[in-house]
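Please open the structure in your viewer and keep the selection tool at hand.

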Amino acid sequence: MKKNIYWKLFVSTFLLSAFTFGGGYVIISLMKKKFADVLGWIKEEEMLDIAAMAQTAPGAVAVNAAVLLGKRVAGVPGVLIAVFATILPPFITISVISFFYEAFQTNPVVAAVLKGMQSGIAAVVIDVVFGLGKNIVCGKQIFSIIVMSAAFIATFFLKVNTAIIIVVCGLAGSLFYLLKGKDKEEQEHAAV
C-alpha cells in the first residue's frame, strides 16, 4: 500500500516538474489540481497553506511545496521522494542544455518556443490568482481578503519591496491565528 503511494507521489511530482515551465508559482496551481482535485490527498485549504508557506520559506518555491506536500502525504519518506522527483527533471534538462548550449543559444526556433512559453506561463499564473482568490472571497475570509488587498496595493501602487510585504503578511497572519486560537480556547473554557 505504502509503495503504491510512494510511486504515485514520485510519478506525479516528477511529471509536474518535468512539464511545468515558469517556476514555483505555476507548479503550485498544478499541484493543487493533481493532489487536491484529482487524487484527493489534501484539501484545497491545505494547498493554500502549502502555497503560502512555500513562498515565504527560503529556497525554490517548487521544492518548498514538494517538501510540505510530501510530508503531508507520506511523512519523511514522502519528503525525500517528492523533493527528488521535483529536482530531477530540471537537473536533467539543465544537463542537456549545458551540453548543447551553443546550439540552443543561437537557434531562432528555441528562442521562439521560449517566447511562446512566456505567454502560457502568464495565463497559468493568472488562473492561479483567480482560482485561489475566488476561494478566499467566496469563503468570506475577511482577514485574508484584507491582507490580499493590502498586499496588492502595496506592491502595485506603492511599489513596496516584496520581501517587506511577505514579512508583514507573515507576521499579521501569525498574530491573527494566535489571537483566533486564544479566542477559541477561551470559548471552550467558558463552555465547560
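A search of the whole structure finds four salt bridges, a salt bridge being a side-chain nitrogen of Lys or Arg within 4 Å of a carboxyl oxygen of Asp or Glu. The model is a predicted one, in which local features need pLDDT of at least 70 and side-chain atom pairs count only at pLDDT 80 or more, while totals for chains, interfaces and linings use all residues. Residues are numbered from 1 along each chain as its sequence is written, and side-chain values use heavy atoms, with hydrogens and water left out.

**First stop: a network of charges**

Select Lys32, Asp37 and Glu44, which are linked in a network of salt bridges. Between Asp37 and Lys32, the closest N and O atoms are 2.8 Å apart. Glu44 also forms a salt bridge with Lys32, at 3.8 Å from N to O. This second pair links distant parts of the chain, with Glu44 in helix α3 and Lys32 in helix α2 (residues 24–38), twelve residues apart. Helices are DSSP runs of H or I with at least four residues, strands are runs of E with at least two, and both are numbered from the N terminus.

Is Lys32 buried or exposed? Lys32 counts as buried, at 16% relative accessibility. The term buried means under 20% relative accessible area, exposed means over 50%, and partly exposed lies in between (1.4 Å probe, protein chains only). Asp37 is partly exposed at 45%, and Glu44 is partly exposed at 24%.

**Second stop: from α3 to α4**

Now select Arg72 and Glu46. These residues form a salt bridge whose closest N and O atoms are 2.5 Å apart. Arg72 lies in helix α4 and Glu46 in helix α3, so the pair ties together parts that are 26 residues apart in sequence. Arg72 is partly exposed, with a relative accessibility of 41%; Glu46 is also partly exposed, at 21%.

Select residues 44–56, the 13 residues of helix α3. At 1.5 Å a residue, α3 should span 18 Å, and its end C-alpha atoms are 19 Å apart, which agrees. The expected span is 1.5 Å times one less than the number of residues.

Within α3, highlight Met47, Leu48, Ile50, Ala51 and Ala54, which are buried. They cover an arc of only 165 degrees around the axis, which puts them on the same side of α3. The arc is that of the directions from the helix axis to the C-beta atoms.

Select Phe91, Ile92, Val96, Ile97, Phe99, Phe100, Tyr101 and Phe104, and display their surface. Together, these residues make a nonpolar surface patch of about 820 Å². The elements that give two or more residues to the patch are α4 (61–99) and α5 (101–105). Which of the elements gives the most to the nonpolar patch? The answer is α4, with five residues.

Patches are made of residues with over 30% relative accessible area and no salt bridge; like charges are joined within 9 Å, and nonpolar side chains (Val, Leu, Ile, Met, Phe, Trp, Tyr) within 5 Å. The areas come from the Shrake-Rupley method with a 1.4 Å probe, and for residues only the protein chains shown count as cover. Phe99, found in helix α4, is exposed, with a relative accessible area of 66%.

Move on to Lys159, in the loop between α7 (142–156) and α8 (162–191). Most residues other than glycine have a negative phi. Lys159 has a positive phi of about 55 degrees although it is not a glycine. Lys159 is exposed, with a relative accessible area of 64%.

Next, select Ala150 and Ile165. Their C-alpha atoms are separated by 9.1 Å, and the two residues are 15 residues apart along the chain. Ala150 lies in helix α7 and is partly exposed, at 43%.

Select Cys138 and Cys169. Cys138 is exposed, at 57% relative accessible area, whereas Cys169 counts as partly exposed, at 25%. A search of the whole structure finds zero disulfides, a disulfide being a pair of cysteine sulfur atoms within 2.5 Å.

**Last stop: the whole chain**

Finally, clear the selection and view the entire protein chain. The chain has eight helices and zero strands. Its C-alpha trace spans about 70 × 50 × 25 Å along the principal axes. Buried residues make up 24% of the 192 residues.
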